[in-house]
Amino acid sequence: MISREPTIERLATAQKLLLTPFGLDESHLSKALAEITAHRVDDADLYFQYTRSEGWSLEEGIVKTGSFSIDQGVGVRAVSGEKTAFAYSDDISEASLLDAARTVRSISSAGRTGRVKTATRKIASSRSLYNGVDPISTLDSTAKVKLLEKVEKLARSRDPRVAQVMAGLASEYDVVLVARADGTLAADVRPLVRLSVTVIAEQNGRREVGSGGGGGRFGLAYFNDTQIAEYVDQAVKAALTNLDARPAPAGEMTVVLGSGWPGILLHEAIGHGLEGDFNRKGSSAFSGRIGQRVAAKGVTVLDDGTIADRRGSLNVDDEGNASQRNVLIEDGILKGYIQDSLNARLMKVKPTGNGRRESYAHVPMPRMTNTYMLGGDKDPKEIVASIKKGLYATNFGGGQVDITSGKFVFSASEAFWVENGKIQYPVKGATIVGNGPDALTRVTMIGNDMKLDSGVGTCGKEGQSVPVGVGQPTLRIDGLTVGGTA
């Protein structure tokens with residue numbers, strides 16, 4: 001449910017951390033925004049942020065590093081037409097705020113005549129998708145070290161071939177305050193945790209890697225014994241599977257993607273191409289295609305920032321707009337793009353709650369939250385059994401995409417060769433090459449096992465990184481190119 005109540009509570013937290021200690025209040029924010037809007041601008045905002053983060057890592061049975069940092073500052077932005085002027089400072093004070101405001105207003109040379117009316121204060125509506133807990137304080141230092149030691153001990157006990165274990169624990173407490181030229185005030189209090197485990201297994205001089213982990217917007221108590229065992233088993237299984245892997249065959253073939261994290265392929269190959277900035281500029285393979293068929297029947301893709309506790313979810317985006325559940329492709333038809341305020345205004349549509357930035361030192365742009373494909377009606381076993389000769393990829397490493405052409409390249413970190421519907425053996429070195437818009441039209445079977453990833457995704461765009469989620473059911477795609485080593 002969207003309401004103003006949770007925003008009022010979060011505003012109090014944000015003001016206590018970001019305004020009061022520096023002798024600021026809402027009148028100073030109005031003054032800075034009035035300084036910008038004294039010139040003709042289409043939009044302006046102030047983005048205050050306080051981030052406390054902590055990280056621990058274990059290697060060779062010892063917690064080798066521990067880090068703790070606090071970062072705070074303010075970003076000031078003015079937008080005129082397609083032009084953006086931006087200034088930021090890690091010094092939160094009235095002087096630096098007004099200085100930044102004067103700097104950015106130069107984007108528009110035309111000063112207004114007469115008086116400028118101050119916008120009426122409006123509390124932004126927002127969601128309540130996660131508790132505003134400080135995850136760093138949910139476990140003491142001793143307990144955090146013990147948690148990592150437990151991960152290592154468990155991984156080594158799983159198999160004598162486990163030669164090395166690395167584990168990491170990261171926590172972040174992020175508080176943001178957004179003040180916009182139209183009088184809108186919004187705030188969010190965002191916890192974020194992640195536990196990761198990497199295992200190296202060794203056999204007959206051969207070493208292979210496997211990884212597992214997860215997290216989300218909650219406290220560290222989430223990582224109980226059951227959860228830890230799941231991550232460890234995932235990492236150990238992947239490493240041991242790869243010990244038996246043979247070189248991957250190459251050529252054009254049927255590829256079946258597993259559920260969950262393989263949705264990263266969807267995120268890269270399709271998601272980025274549906275971001276508003278690329279489509280406004282006409283540089284995406286999906287530009288100008290709303291209402292057209294861009295995928296096979298049955299393919300429905302969503303970007304949904306409203307799923308409780310998820311890594312990619314937001315109560316409000318970094319421009320103060322409430323997050324949304326956006327249907328991008330429905331039954332194969334392109335329905336819309338994801339938008340921030342600037343691109344939405346220029347494309348004459350509404351923002352979709354996808355204005356995101358890495359920090360106060362960055363400008364917002366249209367970014368994904370949790371991007372996934374809805375499930376179909378096929379049993380995953382039936383999909384694998386349908387492969388005459390092809391690849392079954394259950395996990396992915398890195399990947400990249402060229403937005404303009406839609407071409408993508410992905411490396412499968414866990415994959416199997418299948419013949420006559422039967423899994424033959426694991427393969428390594430498989431690279432999946434294709435074209436995003438084209439691949440969507442080649443989807444021939446959609447599983448009934450839609451699953452979101454475990455909470456590990458980070459997306460990069462134009463040098464900015466933000467946490468995201470991905471997901472999909474088991475999918476059969478015909479005629480993909482696999483680059484192999486066999």
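This is a short tour of a predicted model, stop by stop, for use in a viewer. Residues are numbered from 1 along each chain as its sequence is written, and side-chain values use heavy atoms, with hydrogens and water left out. Because the model is predicted, local features need pLDDT of at least 70 and side-chain atom pairs count only at pLDDT 80 or more, while totals for chains, interfaces and linings use all residues.

Select residues 251–484 to begin, where UniProt, in an unreviewed entry, places the feature "domain: Metalloprotease TldD/E C-terminal"; such annotations may be inferred rather than shown by experiment. This stretch is 14% helix and 39% strand (DSSP runs, H or I of at least four residues for helices and E of at least two for strands), and its end C-alpha atoms are 8 Å apart.

Next, show Val299, Ile329, Leu391, Phe396 and Ile432, which touch the most other members of the largest nonpolar core, a set of 44 residues. A nonpolar core joins buried Ala, Val, Leu, Ile, Met, Phe, Trp, Tyr and Cys residues through side-chain atoms within 4.5 Å, where buried means under 20% relative accessible area, exposed over 50% and partly exposed in between, using a 1.4 Å probe and protein chains only. Apart from this core lies another, of 34 residues, including Ala32, Ile36, Ile123 and Tyr173.

Then move to glutamate 60, in the loop between β1 (43–59) and β2 (62–80), where phi is positive, near 55 degrees, and the residue is partly exposed at 47% relative accessibility. Finish at glutamate 462, in the loop between β22 (458–461) and β23 (464–467): its phi is also positive, about 50 degrees, and glutamate 462 is exposed, at 58%.
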